[in-house]
Amino acid sequence: MKKRMAIICLCLLVGCLLLGIMIAGVFRETNWQAKLTEEEKAELIRIALNDTSVKEMLEDKEYRIIGAGIISREHVVSGDRTREAYPGVQMYVGEDNWMKITLTTVLIDLDKKKVIQIYRYPYVKPTIPRGVTGEEKEEAIRIALNNESVKERIEGLEYEVRDVLAFEKWMTGEKLDTDDVYIHINGTPICYIATVNLTERRVIAIKESICGPVDKKRSGQDST
């Protein structure tokens with residue numbers, strides 16, 4: 001009887017220990033992911049911008065803070081994926097008048113009030129395309145089709161001007177001075193992209209790309 005009671009007590013003790021570990025894990029995870037107050041977020045930004053390494057990184061550059069809070073990052077070690085979360089600040093850092101953009105993550109030890117790591121992702125596209133209509137589109141097509149290098153590429157071929165795209169800086173909304181004219185060679189997957197500088201009224205670059213098929217076929221004409 002005493003032996004049975006001892007076994008039961010031992011099982012209860014082990015169960016309590018396991019439950020305690022599980023509860024501790026839950027509370028740690030809950031606190032780890034807890035939302036920060038506005039004061040804590042402001043403190044994160046202050047710590048980040050006062051850090052020596054961050055100051056050097058931002059010197060003579062424009063930046064925009066995306067936000068501050070708990071930032072989750074995934075790590076892969078020996079094929080095993082683990083996810084950790086830290087207080088931090090994320091920002092876009094611009095160069096060449098926002099023609100080059102780096103997404104920067106600054107991780108912070110909020111208790112020690114110091115930066116513990118900086119991650120940089122420099123592959124953010126600085127411009128976004130938008131469609132072009134009206135006189136600007138007609139002018140871009142005219143300049144492209146009158147260019148001698150473009151003429152050499154499409155001479156004797158059936159083609160269609162599939163599209164004209166303008167570009168603007170993603171962070172500022174400022175429109176660039178260039179339009180891309182997409183000239184599809186009918187019956188092939190080939191497109192010639194003529195980049196037109198509207199200010200200088202000339203083609204400044206020609207690229208060959210891949211386009212899908214089109215239904216319409218026009219010889220020596222455009223799709224305006």
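Lys113 and Glu43 form a salt bridge in this predicted model, with their closest N and O atoms 3.3 Å apart; the term denotes a side-chain nitrogen of Lys or Arg within 4 Å of a carboxyl oxygen of Asp or Glu. Lys113 lies in the loop between strand 3 and strand 4 (114-124) and Glu43 in helix 2, so the pair ties together parts that are 70 residues apart in sequence. Helices (H or I, at least four residues) and strands (E, at least two) are DSSP runs, numbered from the N terminus. Residues are numbered from 1 along each chain as its sequence is written. Because the model is predicted, local features need pLDDT of at least 70 and side-chain atom pairs count only at pLDDT 80 or more, while totals for chains, interfaces and linings use all residues; side-chain values use heavy atoms, with hydrogens and water left out.

Glu43 also forms a salt bridge with Arg46, at 2.9 Å between the closest N and O atoms. These two residues are three apart in helix 2 (residues 38-50), which separates them by about one helical turn. Glu43 is buried, at 19% relative accessible area, whereas Arg46 is partly exposed at 42% and Lys113 is partly exposed at 46%. Here buried means under 20% relative accessible area, exposed over 50%, and partly exposed in between (1.4 Å probe, protein chains only). In helix 5, Lys151 and Glu148 likewise lie three residues apart, about one turn of the helix, and their side chains meet in a salt bridge (3.7 Å, N to O). Lys151 is partly exposed, with a relative accessible area of 35%, and Glu148 is exposed at 51%. Salt bridges that share partners join Glu43, Arg46 and Lys113 into one network. The whole structure holds 11 salt bridges.

Strand 3 (residues 100-109) contains Val106, which is buried at 0% relative accessibility. Beyond residues up to four places away in sequence, Val106 touches several others, including Ala48, Val54, Pro87 and Ile118; contact means heavy atoms within 4.5 Å. Val106 and Pro87 are 19 residues apart in sequence, with their C-alpha atoms 8.7 Å apart. Thr102, also placed in strand 3, is buried with a relative accessible area of 4%. Trp98 has a positive phi of about 70 degrees although it is not a glycine, and Trp98 is buried at 3% relative accessibility.

The largest nonpolar core has 19 residues, of which Leu145, Ile154, Val161, Val164, Val181 and Ile183 touch the most other members. Such a core is a set of buried Ala, Val, Leu, Ile, Met, Phe, Trp, Tyr and Cys residues joined through side-chain atoms within 4.5 Å. Helix 4 (134-145), helix 5 (148-154), strand 6 (159-169), strand 7 (175-185) and strand 8 (190-197) each supply at least two of its residues. Helix 4 gives the most, with five residues. A second, separate core of 15 residues includes Met57, Val93, Leu110 and Val115.

Five strands form an open antiparallel sheet in the order 5-6-7-8-9; two strands pair if DSSP finds at least two bridges between them. Strand 5 (127-131) and strand 9 (202-210) stand at the edges with a single partner strand each, so one side of each is left without a neighbour in the sheet. Seven bridges join strand 7 to strand 8, and His184 has Cys191 in strand 8 as its bridge partner.
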